[in-house]
Amino acid sequence: MKLVVCLLAVLAVAQATVYFEENFDRPQFTDKWVLSTHKGEEAGEFGLSHGDFFGDAKEDVGLKTLEDARFYQISAAIPEPFSNKDKTLVLQYSVKHEQNIDCGGGYIKLLPAGLNQADFNGDSDYNIMFGPDVCGTSNKRIHAIFNYKGENHLINAAPSPKTDVLSHIYTLIVNPDQTYQILVDNEEVKAGTLEEDWDFLEPKEINDPAQSKPADWVDERMIADPEDVKPEGYDDIEPMIADPDAERPEDWDDELDGEWEAPMIDNPDYKGPWRPKMIENPEYKGEWVHPQVPNPAYVHDANIYAYDSHAFVGFEIWQVKAGTIFDNILVTDDVKLAHDKAAAALERFADEKAAQEAHEEAERERREAELAAQAAAEGDDDDDDDDDDNKDEL
């Protein structure tokens, strides 16, 4: 029995496929990555960097955007293009917005065969676009966009990304049963089905065109009380009255100042325009719900998830402020492998965070020491001034 289990485990490992992996662990990256020339002088330059803070000087080197207000368009070929038909697809990579990004993309694209890498641009066809996008305080989301029959479809309710200056790893899992998961740092932030969370297909049901709300349907929950009567004299109450506590100033001169009048104040007896009190409507039938019927335009598709060809990975983004570092790119059909690689990266990211926090603490202590020294110097100057004053008095 143990032998059978071991054989099954070996078989599972053997069947797992890594289609693409990039850790930028070489002195240069252009052996594998092709820069697009589509934007000409507006194209931003990339470089390799582990950033100011890191867990491992070699393992944490990634592809960094270097120039502000530029388009970044770069791609790499998947050695053996593949279809994810009948397979799980995992797209995973890490993003570090070391520049404390205010507006710019950080997403990655999976692209089909036929891409002209030298002309890779925003109009280039892609299969999936995934990852964080930030612009301002209100527009922060993790994109999960799928191309379906020539149209790009955004997820209906996008989860929020991490927006600090540290490294985070993003994972998209798409299964043949058309379920999906979005993970950030190996923790699920969104899950469901492609059909329910994207508008790929027509709705299964629509409002019955043969039905409409009955003319006598009462959907007013509250009505004015017909027995409530406006009190007699209510409309005679003035909103403003002369202040009864005001007194004519003793130095008031009618010839010079005119006839004195007390200032006006809000009338405490005035309650505003009269309105009858509201009561529950005895005829209320509830909100009318339009009956649904099957949509004749709806056609089920069990292959929304599947693409004939994944042939390239690429970054095609705009950034106002550069400094993002991309790393740990993985395209595979093995969820556990992706999880384990993410876990290893997260251990390094913990060291990165500790290094940054230590730096911030040291900076805080340095600033406090400078302020203390400045205050002491100012105190000495005050003492010198006092001594000078005493000498003058003598």
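Quick housekeeping. This is a predicted model, where local features need pLDDT of at least 70 and side-chain atom pairs count only at pLDDT 80 or more, while totals for chains, interfaces and linings use all residues. Residues are numbered from 1 along each chain as its sequence is written, and side-chain values use heavy atoms, with hydrogens and water left out.

Okay, back to Asp340. Its side chain meets that of Lys336 in a salt bridge, 2.7 Å from N to O. By salt bridge I mean a side-chain nitrogen of Lys or Arg within 4 Å of a carboxyl oxygen of Asp or Glu. Helices here are DSSP runs of H or I with at least four residues, strands are runs of E with at least two, and both are numbered from the N terminus. Lys336 is exposed, at 57% relative accessible area.

How many salt bridges does the structure hold? The count is 18. And why can such side chains pair at all? Well, opposite charges can pair up when the charged atoms come close.

Now have a look at Glu22. Glu22 makes a salt bridge with Lys32, and the closest N and O atoms are 3.8 Å apart. Glu22 is in strand S1 (residues 18–22) and Lys32 is in the loop between S1 and strand S2 (33–35), so this pair ties together parts 10 residues apart in sequence. Glu22 counts as buried at 1% relative accessibility, whereas Lys32, at 27%, counts as partly exposed. Both belong to a salt-bridge network that also links Asp25, Arg26 and Asp31.

Another pair to click on is Arg248 and Asp254, whose side chains meet in a salt bridge at 3.0 Å, N to O. Arg248 is partly exposed at 39% relative accessibility, and Asp254 is partly exposed too, at 40%.

Last stop, a hairpin. Strands S13 (residues 179–184) and S14 (residues 187–193) pair in the antiparallel sense over six bridges; pairing takes at least two DSSP bridges between two strands. Val184 has Glu187 in S14 as its bridge partner. Two residues lie between the strands, and Asp185 in this hairpin takes a positive phi near 55 degrees.

Note on methods
Buried < 20%, exposed > 50% of the residue type's maximum accessible area, 1.4 Å probe, protein only.
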